Amino acid sequence: MLETVPEPEKGTNPLFQSKAASGSCKVMCFHPWSDITLPLMSLPQIRTVIDKWCEMLADLGKKFTWVQIFENRGAMMGCSNPHPHCQVWSSSFLPNEPRIKDRTQREYLKKYKKPMLVDYCQQELANKERIVLDNDTWVCLVPYWAIWPYETMLLPKRHVLRLTDLTDHEKNDLADITKKLLTRYDNLFETSFPYSMGWHGAPTGPGSEVNDYLHWQLHALYLPPLLRSATVKKFMVGYEMLAQPQRDLTAEQAAEKLRCLPDLHYKMK
């Protein structure tokens, strides 16, 4: 994406409509070493990554409507560079996934008078069977609607709109729960666990007033493909592409498997 783009001619056919879409694409390295990943980094080092996420969101969010922070980890997820890094893509428009989330969370708040994911988090904490980890300010769970085998979601325990709204204590707790989750992922099949992950929070940009986005709740998604071993992954094909995704194990089974794994990384034994 480019920050300056021409405006296309207005089409007369309703089937062929287009608008200018500007943005930027950045890469952020986690560590100077090429042979290290987040679960093997120290808590202060992970906290530095979180602080940089917040800094980039604050800077890019002044101009762009959506700032997507994401990490593709491993060759299985199309990552061509083994150096630990993430990407930050910003756009002048709200992409499809956050646009749907914006609508559904807004509708839920209007109907039930509370933010959807705040309510959901409270229900999961009370139920406990899909919880993988939690600490003072964060919870990691396998979503009730998860479709990837070991899909997880990170949620703050209080209502938070964006990464930039986190307190110092919440950032430290985020570093802690991130390290523990990713260690469990690696320990599951004793491999550097591939995944795509990303942060979703309230849209940004000029005019993005707080009161316009009280229906949003900050959350991170981890979407890993591995199913039965370090080499056997789930394929989202056939019926799942054309009709509806299917689960190979339940959310409760996945949460229990991850929950029972040790905090000590297998490489540190």
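Is Cys-79 buried or exposed? In this predicted model, Cys-79 is buried, with a relative accessible area of 16%. The report below considers the cysteines, the nonpolar cores, the cavities and the pockets in turn.

## Cysteines

The whole structure contains zero disulfides. For Cys-79, a bond is ruled out because the closest cysteine sulfur, in Cys-29, is 11 Å from its own sulfur, which is too far. Cys-86 is likewise in no disulfide, and the nearest cysteine sulfur, again that of Cys-29, is 8.7 Å away. A disulfide would require the two sulfur atoms to lie within 2.5 Å.

Cys-86 counts as buried, with a relative accessibility of 1%.

## Nonpolar cores

In soluble globular proteins, nonpolar side chains tend to be buried together. In this model, the largest nonpolar core has 52 residues. The residues with the most contacts inside this core are Trp-53, Tyr-150, Leu-163, Leu-174, Tyr-185, Trp-199 and Tyr-222.

Tyr-222 illustrates how such a residue is surrounded. Leaving aside residues up to four places away in sequence, Tyr-222 touches Glu-151, Thr-152, Leu-154, Thr-178, Leu-181, Leu-182, Tyr-185, Tyr-195, Ser-196 and Met-197. Another core, of nine residues, lies apart from the largest one, and its members include Ile-131, Val-139, Leu-141 and Leu-155.

## Cavities

The structure holds two cavities of 30 Å³ or more. The largest cavity contains about 120 Å³ of space. Its lining consists of 14 residues, and those nearest the centre are Leu-57, Val-67, His-200, Gly-201 and Ala-202. Both β2 and β7 supply at least two residues of this lining, and the largest share, three residues, comes from β2. By class, the lining of the largest cavity has nine nonpolar, four polar and one charged residues.

The second largest cavity has a volume of about 40 Å³. It is lined by Leu-38, Ile-46, Val-49, Ile-50, Trp-53, Leu-174, Thr-178, Trp-199 and Tyr-222. Two or more of these residues come from each of α1 (43-60) and α4 (168-189), with α1 giving the largest share, four residues. The lining of the second largest cavity comprises eight nonpolar residues, one polar residue and no charged residues.

## Pockets

The largest pocket holds about 640 Å³ of space. Of the 24 residues that line the largest pocket, Glu-97, Lys-101, His-200, Leu-221 and Leu-223 lie nearest its centre. His-200 is also one of the residues nearest the centre of the largest cavity. Several elements each supply at least two residues of the pocket lining: the strands β2 (66-73), β7 (195-200) and β8 (219-223), and the helices α2 (96-112) and α3 (116-127). The lining of the largest pocket divides into 14 nonpolar, seven polar and three charged residues.

The second largest pocket has a volume of about 390 Å³. Its lining has 26 residues, of which Thr-37, Arg-73, Gly-74, Pro-82 and Ser-192 are the closest to its centre. Strand β2 provides the largest share of this lining, three residues. By class, the lining of the second largest pocket has 12 nonpolar, nine polar and five charged residues.

Technical notes: Residues are numbered from 1 along each chain as its sequence is written. This is a predicted model: local features need pLDDT of at least 70, side-chain atom pairs count only at pLDDT 80 or more; totals for chains, interfaces and linings use all residues. Side-chain values use heavy atoms; hydrogens and water are left out. On a 1 Å grid over the protein atoms alone, a cavity is a set of points where a 1.4 Å probe fits but cannot get out, and a pocket is an open set with protein on both sides within 12 Å along at least five of seven lines; lining residues have an atom within 4 Å of a point. Grid points are joined across faces, edges and corners, and a volume is the space filled by probe spheres set on the points. Ala, Val, Leu, Ile, Met, Phe, Trp, Tyr, Cys and Pro count as nonpolar, Asp, Glu, Lys and Arg as charged, and the others, Gly among them, as polar. Buried means under 20% relative accessible area, exposed over 50%, partly exposed in between (1.4 Å probe, protein chains only). A nonpolar core is a set of buried Ala, Val, Leu, Ile, Met, Phe, Trp, Tyr and Cys residues joined through side-chain atoms within 4.5 Å. Contact means heavy atoms within 4.5 Å.
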